[in-house]
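User: I would like to go through this model by question and answer. Please keep it brisk.

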Amino acid sequence: MSTEVSPEVRRQHVTEVYGPKIVEKAQKAQDKAIALANPDDQGKFHLHTKGPAGGFDDTPIPRMPPGYTVKFTFHRANNLPVSDFSTLSSDPFIRAELRVALPKRHKQDPEIAFRTPTVRRNVNPVWDAEWIVANVPASGFHLKCRVYDEDPADHDDRLGNVHINVDSLSKDWAGIKEESYHIKKRSGSKRAYFFRTVAASLSAHRSLNAELVVSVEVLGPTPTDNGGHMYTVGPMYWFKHFSPLIGRLLKTEAAAESQDAEGKTTRYNFQAVQMQLKGPVPEELYHRYVEFRPFVAGMFTSHSVKGRILNHALHHQHARIYNFDRSTVNGKFDSPSAEVTQLFLDFVDHGRGNRIFTYVLTLDGNLRFTETGKEFGIDMLSKHTMHSNVSIYIAFSGEFFVRPKKTHHRHQSEASADNNKTPGDGVAADEADEEVHVSNQDCEDPIEYELVIDNDSGTYRPNAEKLPLLREFLSSNLPGLHITTLDCQKDEERMSRLKEERRVKRKQGQGQMVYMQQVNSSESSFSSSDEEDLRRRAEEADTQQQENNFAHSLHDMKDVKGKFRNWLETADGTSNSQNNENTTKAT
């Protein structure tokens, strides 16, 4: 009899509960102080007569000689410490960060990074995960690999670090072939290394040394005229995350055919998706957060008390939404293809349900998105800031939805005029959207669908003139999909009408299950009563989850000595020999 496994719930951090309220009260106090201040003293409060700083940044990428395209392969690890005492194992994954001597456009630009999928319950995991990076300079690189144990209910435990330094690269470089590197336990989990020390003391065959096996290969010079910017070429990894707590609180219905990694269909779920697209992201797609309120800069840089509170709250909220656990589904593609487009359409359910999605595109081409709307708790804090994980610079952000392509019934003269336009040029369709005929509504061929995407993001305020570059980049990664772009200012009326139509249809499809919220004058999208109600329900769900986890832990602790002995025997290969001896004696 198989048991169903639900996604695990990451605990809500205290900064998520009280952070927005504290900042809101502090902001109101500051606004009152500004209102009561003399005109001569208002300069102390950093009032701006011009528009807020941020948005599009035209700083060019520094010119450098072209670099090399390098493939990093994370093969496996040996003898990792035990981090989960209930299973006497670990759920390891690697987070790698590549550092080079290339100058940055701004010092706040993030380092290029990579995360492997998680291997479940294995202290000798095999990943064989590849990461191909372009424009690695001839001056070499420093690859820092952090090995973690995935712990969705609390926080990931660090199992150790590996540093790989290469002083120079060339097309004739011999490379590194499955070389073993000692995993340094400095800053690693003390609990995990304590368990391993106990295990080693009880068995002469176990070692205290953990190793990571890595390969590095130069694939050749990167075909570019400017080597000043590294970027991920592939593979195109994707992750689909499930947040059941938010789904239960908001009654967010998952698609009927949507299943988690355990093969279980979840009725109520909130889903978040990450897709690594093939680089490079166009150089002109470069936007900084907008300082629309005095505390915003501190929120991104953690240079103020209010900023640190919100920064921690957003990081924790990002971890809760993009939560890696046993239910997380993942895969990869070697390059853009029709299968990638089909997967993207599956993620958005081919436009069914009239869903609207919030997205962020990072500087390294990682596309992150979830369903959005005023009725979702994700709006409690800045949604685009949460999606970007409080990144100071991103490529682009906004909202999108997918719908079947529509065939317009117009006069032949109007149709012939449109023939002069390039397909997929993003020109706004006819305003009379209600008078169109939907063709092949149930067809799942990507060519029959349209992605309508905009730049509606108050956090980063992307430049509308860069929408064609965004469309071109997405078209190259999602072949066959028709893409239409909308300017949130010039096309505001049409964009608002299209979104409102989808919201109305979605509420009608949900019947009586409609969730509304009040909007106050603060930066938070929830009223105080809404925040308190969401907090109360979340605490109740967390309490129930903690009780279940405690009961499960008590059950696992009943025979801890036997489990520990069996684990040692299995690791040393003595279990089979003892079983064979017992069988012989019985005979």
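Analyst: Start with Asp-128: its relative accessibility is 41%, so Asp-128 counts as partly exposed. Keep in mind that the model is predicted.

User: Where is Asp-128 found, and what is its phi near?

Analyst: Most residues other than glycine have a negative phi. Asp-128 is found in strand E5, residues 126-136. Its phi is positive, near 50°.

User: Is Arg-461 buried, exposed or partly exposed?

Analyst: Arg-461 lies in the loop between strand E21 (449-454) and helix H9 (467-477). Its phi is also a positive value, near 45°. Buried needs under 20% and exposed over 50%. The relative accessible area of Arg-461 is 42%, so the residue is partly exposed.

User: Which peptide bond is cis with omega near 10°?

Analyst: A cis bond with omega of about -10° joins Gly-234 and Pro-235. Pro-235 sits in the loop between strand E10 (231-234) and strand E11 (236-243). Pro-280 is in the loop between strand E12 (270-276) and E13. The cis bond with omega near 10° runs from Gly-279 to Pro-280.

User: Which strands stand at the edges of the open sheet of three strands?

Analyst: The sheet has the order E1-E13-E17, with antiparallel pairing. The edge strands have a single partner strand each, so one side of each lacks a neighbour in the sheet. They are E1 (55-56) and E17 (393-394).

User: Which residue in E17 stands opposite Arg-288?

Analyst: Strand E13 covers residues 287-288 and is joined to E17 by two bridges. The two strands run antiparallel. Opposite Arg-288 stands Tyr-393.

User: How many residues of strand E7 are buried?

Analyst: E7 spans residues 157-166 and pairs antiparallel with strand E6 (residues 141-149) over nine bridges. Within this pair, Arg-146 stands opposite Asn-161. E7 is mostly covered, and of its ten residues the buried number seven.

User: How far apart are the end C-alpha atoms of helix H5?

Analyst: H5 has 17 residues, 305-321.

How values were computed
Residues numbered from 1 in each chain as written. Predicted model: local features only at pLDDT ≥ 70, side-chain atom pairs only at ≥ 80, totals over all residues. Heavy atoms only, no water. Helix = DSSP H or I, 4+ residues; strand = E, 2+ residues; numbered from the N terminus. Expected span 1.5 Å × (residues − 1). Pairing = 2+ DSSP bridges. Buried < 20%, exposed > 50% of the residue type's maximum accessible area, 1.4 Å probe, protein only.
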